[in-house]
Amino acid sequence: MQLGYRPLFKDPNSQIEYFVLQSTDTSCLCMQSSLNNYQKLKRAYQSSEYFYKFSNGSILKPLSLNRNSSLNISSAVFENFDGGFLADFLKVVPPTWQYSTGKRIGRILCDIHSYTLNEKQIAKAHTRHDSFMEKLAFYISDLPHFKNDNYALNAISTRYDHFSVFKSVMRYGSFKHNNILISKDTSLAFLPSFTIGPGDLCEDFANLELESAGEYPLLCAGIIDGYFGGNVPTKFWMHFALYCAFYSLFKCGKRALKNKSNLNKMQLLYDRICKDFSNFSRPIPVWYSSPATEQIRIQATKHGL
């Protein structure tokens with residue numbers, strides 16, 4: 001049997017290579033790296049095992065997990081999704097399509113969040129949240145500080161009673177537009193995630209704010225509307241804003257620690273998140289509630305998108 005090999009990309013952080021293997025009747029997505037990354041590949045494979053049955057085809061079907069000590073190779077193989085990256089699609093489609101695509105992604109996220117946690121997993125979700133204050137203390141004592149970080153710190157300290165677990169779910173983890181594929185018929189699929197685990201659903205949305213809201217706010221607005229069916233609980237917004245405040249400090253701070261260039265980039269990212277929440281004085285981000293976004297909602301509904 002003759003196999004074709006088509007490289008996709010290589011993750012610069014994990015050094016995991018993504019490629020497509022094709023035969024006359026089979027096409028598979030393969031993630032491959034050294035044995036050092038076996039646990040990461042195992043976690044990615046488990047993410048597909050967890051979520052596949054809830055996703056209605058939007059999570060890649062897991063096929064095999066392998067390691068070869070003699071060749072120093074580990075790999076995870078999935079049923080291939082014949083499509084390209086959502087990021088490339090979003091660059092060329094009109095705003096109404098960005099928003100409507102977001103609504104579809106939100107419904108997928110809601111489906112995979114429907115995975116029922118057992119008591120041990122629920123306890124892990126709460127333990128994870130309890131560690132956030134330690135991580136915040138780590139930002140204060142050891143990580144580079146951002147200008148005007150008092151906005152995020154004050155929001156968390158003065159609203160601490162609201163900074164709790166909104167709803168325990170199995171987090172997708174690496175939730176951002178760069179981890180989503182789209183086909184020619186606009187079907188969607190999430191790439192396997194290395195960072196799944198029990199936690200709060202707001203964490204996936206906070207990651208979306210961190211990674212995607214600056215570039216594609218209409219997509220993010222659509223994801224929230226799709227997830228909640230257009231009826232977002234008031235309680236969600238306060239939790240969401242506080243998780244975003246935490247991410248803007250701890251996650252950005254950890255990245256800023258790498259070098260001065262990263263510090264400048266992370267300062268800009270913190271500033272953007274802070275601005276999205278009006279210096280954390282409002283729980284609803286400006287990109288969600290702006291008149292421009294509302295106009296797009298109306299247009300998308302009018303055209304059945």
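Helices here are DSSP runs of at least four residues, numbered from the N terminus. In this predicted model, helix 7 takes in residues 201-211, and N207 sits within that run.

F205 tells a hydrophobic story. The largest nonpolar core counts 89 residues, and F205 is among those with the most contacts inside it, along with I105, F190, I224, F236 and F240. Helix 9, residues 234-256, gives the most to this core, putting in 14 residues. As for who F205 actually meets, setting aside residues up to four places away in sequence, the list runs L109, I223, I224, Y227, F228, F236 and F240. So I224, F236 and F240 turn up both as contacts of F205 and as residues with the most contacts inside the core, given that contact means heavy atoms within 4.5 Å.

Helix 12 is worth a walk from end to end. It covers residues 291-302, twelve in number, and reaches 16 Å from its first C-alpha to its last, close to the 16 Å expected at 1.5 Å a residue. Its buried residues are T293, I296, R297 and A300. They fall on the same side of helix 12, because they cover an arc of only 105 degrees around the axis. An α-helix has 3.6 residues a turn, so residues three or four places apart point the same way. What do the buried residues of helix 12 pack against? The partners are helix 3 (95-112), helix 8 (217-228) and helix 11 (286-289). On the other side of helix 12, P291 and K302 are exposed. After the helix comes G304, with a positive phi near 70 degrees.

Over in the strands, P62 belongs to strand 4, which spans residues 62-68. P62 has a relative accessible area of 17%; burial means under 20%, so P62 counts as buried. F78 is 16 residues away from P62 in sequence, yet the two C-alpha atoms are 4.5 Å apart in space. F78 is also one of the residues that P62 touches; the others are Y45, S48, E49, Y52 and V77, not counting residues up to four places away in sequence.

Notes. Residues are numbered from 1 along each chain as its sequence is written. This is a predicted model: local features need pLDDT of at least 70, side-chain atom pairs count only at pLDDT 80 or more; totals for chains, interfaces and linings use all residues. Side-chain values use heavy atoms; hydrogens and water are left out. Helices (H or I, at least four residues) and strands (E, at least two) are DSSP runs, numbered from the N terminus. Buried means under 20% relative accessible area, exposed over 50%, partly exposed in between (1.4 Å probe, protein chains only). The expected span of a helix is 1.5 Å times one less than its number of residues. The arc is that of the directions from the helix axis to the C-beta atoms. A nonpolar core is a set of buried Ala, Val, Leu, Ile, Met, Phe, Trp, Tyr and Cys residues joined through side-chain atoms within 4.5 Å.
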